[in-house]
Amino acid sequence: GPAGPGPAVPVDLNTATVEQLDGLPGVGEVTANRIIAYRSAHPFTSVDELLEVPGIGQRRFDQLKGLVTVG
């Protein structure tokens, strides 16, 4: 369908803002900040590394993997 307002998907895990990450399903502000803390120490090289972030389990990862990318 036509592109309307809303989050640009996929979201790049290495450049996304807290607001963009917070908008993803199952990700709240706390998890968004954990993703940013993780990438500041270890920039993401693959989407699978989301599983290393505290609070992201397999079920949540399965919801997110189609919505995120690594640039």
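1. The protein chain has three helices and two strands, and from the N terminus on they come in the order β-α-α-α-β. Helices here are DSSP runs of H or I with at least four residues, strands are runs of E with at least two, and both are numbered from the N terminus. Keep in mind that this is a predicted model, where local features need pLDDT of at least 70, side-chain atom pairs count only at pLDDT 80 or more, and totals for chains, interfaces and linings use all residues. Residues are numbered from 1 along each chain as its sequence is written, and side-chain values use heavy atoms, with hydrogens and water left out.

2. On the overall numbers: of the 71 residues in the protein chain, 30% are buried. Buried means under 20% relative accessible area, exposed means over 50%, and partly exposed is in between (1.4 Å probe, protein chains only). Looking at contacts (heavy atoms within 4.5 Å) between residues at least 6 apart in sequence, 43% join residues at least 24 apart.

3. Helix α2 covers residues 29-41, and its 13 residues should span 18 Å at 1.5 Å a residue; the end C-alpha atoms sit 19 Å apart, which agrees. The expected span is 1.5 Å times one less than the number of residues in the helix.

4. Which residues of α2 are buried? They are Thr 31, Ala 32, Ile 35, Tyr 38 and Arg 39. These cover an arc of only 120° around the axis, so they lie on the same side of α2; the arc is taken from the directions from the helix axis to the C-beta atoms. The buried residues of α2 pack against α1 (18-22) and α3 (58-64). On the face turned away from that buried side you'll find the exposed residues Glu 29, Val 30, Ser 40 and Ala 41.

5. Thr 31 counts as buried because its relative accessibility is 8%, and beyond its neighbours within four places in sequence it contacts Ile 56 and Arg 60. Ile 36 is partly exposed, with a relative accessible area of 22%. Leaving aside neighbours within four places, Ile 36 is in contact with Ala 16, Thr 17, Val 18 and Leu 21. Ile 36 and Asn 14 are 22 residues apart in sequence, but their C-alpha atoms are 7.9 Å apart in space.

6. The largest nonpolar core has 17 residues. Such a core is a set of buried Ala, Val, Leu, Ile, Met, Phe, Trp, Tyr and Cys residues joined through side-chain atoms within 4.5 Å. Its largest share, three residues, comes from α2. Among the residues with the most contacts inside the core are Leu 21, Ile 35 and Leu 50. Not counting residues up to four places away, Leu 50 touches Leu 13, Ile 35, Phe 44, Ile 56, Phe 61, Leu 64 and Val 68.

7. The whole structure has one aromatic pair: Tyr 38 and Phe 44, tilted, 5.1 Å centre to centre with 40° between the planes. Rings of Phe, Tyr and Trp (its six-membered ring) pair if their centres lie within 6.5 Å; planes under 30 degrees apart are stacked, over 60 edge-to-face, and the rest tilted. Tyr 38 and Phe 44 are both buried.

8. There is one salt bridge in the structure, between the side chains of Asp 62 and Lys 65 (3.5 Å, N to O). The cut-off is a side-chain nitrogen of Lys or Arg within 4 Å of a carboxyl oxygen of Asp or Glu. Asp 62 is partly exposed at 39% relative accessible area, and Lys 65 is partly exposed at 44%.
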